[in-house]
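Subject: Handover of a structure, with notes

Dear colleague,

Please find below the structure that I am passing on to you. My notes on it follow directly after.

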Amino acid sequence: MKSININYIINDKISYQELQNLFKEMDSVKGAKFWARDIFHYSWRTKKQELIAIKKSTFITARIDEKLVGLVRLVSDGVYDFYVAEVMVIPSLQSQGIGKKLMNNTIEYCKKIGFIKIFISALPGKETYYQQFGFKPAMSQVLEIKFRS
């Protein structure tokens, strides 16, 4: 089997079209309970809003050649608190350590800045995956309001 050369980039610049292509590939992912489209809510997103979100996010990416194959979207105040908003790896490359490398790079990036807290919302059943990186249940439960139900 041929080795795949994956380039990991911290604070990568991604385009709207690259993100849309990644969402399209993720659309085939249906876990035991959740479709990727229900996790990332990309049907709710407008191009105008997505362009703003891209500009205000930090991306840690995985690329093969120039193709975006995985990412972590990080949102923060830039110093103390960071939120891992999205973790994606295209289905054909999942379970090959790409997500793990993306998460490790994300945590190292936050360490260099000197974070106080990194938050992540894990789907039920995925908590143990994120615990390998040091995440543990928070002191308080995460609550949400969705604009659309």
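I10 stands opposite I60 of strand β2. This pair belongs to the contact between β1 and β2, which run antiparallel and are joined over six bridges. Please bear in mind throughout that the model is predicted.

Overall make-up

The protein contains five helices and five strands. Read from the N terminus, its elements follow the order β-α-α-α-β-β-β-α-β-α. Of its 149 residues, 34% are buried. The accessible surface amounts to about 10100 Å², and carbon and sulfur atoms account for 54% of that area. When contacts between residues at least 6 apart in sequence are considered, 64% of them link residues at least 24 apart.

The sheet

The five strands form an open sheet in the order β1-β2-β3-β4-β5, and the pairing within this sheet is mixed. Its edges are β1 (6-12) and β5, each of which pairs on one side only. On average, neighbouring strands in the sheet are turned by 20 degrees against each other, with direction ignored.

Further along the sheet, β2 and β3 are antiparallel and share seven bridges. Here I64 has K67 of β3 opposite. The hairpin made by β2 and β3 has two residues between the strands, and D65 adopts a positive phi there. The pairing of β3 with β4 is also antiparallel, over seven bridges, and L71 has M88 of β4 as its bridge partner. The hairpin of β3 and β4 has four residues between its strands, with G78 at a positive phi near 90 degrees. Strand β3 itself is mostly covered, as seven of its ten residues are buried.

Helix α4 lies across β1, β2, β3, β4 and β5, and runs at about 160 degrees to β4. The largest nonpolar core has 34 residues, and the members that touch the most others are L71, M103 and F135. At least two core residues come from each of α1 (16-26), β2 (58-64), β3 (67-76), β4 (81-89), α4 (98-113) and β5 (117-120). The greatest contribution is that of α4, with six residues. In general, nonpolar side chains in soluble globular proteins tend to be buried together.

Which residues does M103 touch, not counting those up to four places away in sequence? They are V72, V87, I120, Y130, F133 and F135.

E50 lies in helix α3 (residues 47-56), whereas K24 lies in helix α1. Is each of them buried or exposed? E50 has a relative accessible area of 3%, and because this is under 20%, E50 counts as buried. K24 has a relative accessible area of 67%, and because this is over 50%, K24 counts as exposed.

The side chain of E50 makes a polar contact of 2.8 Å with that of R73. Leaving aside neighbours within four places in sequence, E50 is in contact with Y16, L19, Q20, F23, R45 and R73. As for K24, its C-alpha atom is 9.4 Å from that of I90, although the two residues are 66 apart along the chain.

Backbone points to check

Most residues other than glycine have a negative phi.

N11 is placed in strand β1. With a relative accessibility of 38%, N11 counts as partly exposed, because this value lies between 20% and 50%. D65, in turn, sits in the loop between β2 and β3. With a relative accessible area of 69%, D65 is exposed.

Yours sincerely

Technical notes: Residues numbered from 1 in each chain as written. Predicted model: local features only at pLDDT ≥ 70, side-chain atom pairs only at ≥ 80, totals over all residues. Heavy atoms only, no water. Core = buried A, V, L, I, M, F, W, Y, C linked by side-chain atoms within 4.5 Å. Buried < 20%, exposed > 50% of the residue type's maximum accessible area, 1.4 Å probe, protein only. Contact = heavy atoms within 4.5 Å. Areas by Shrake-Rupley, 256 points an atom, 1.4 Å probe, with all protein chains shown as cover. Polar contact = N/O pair within 3.5 Å; in protein donor to acceptor, adjacent residues only side chain to side chain. Pairing = 2+ DSSP bridges. Axes fitted to C-alpha atoms, helices over the stretch in contact; angles between N-to-C directions.
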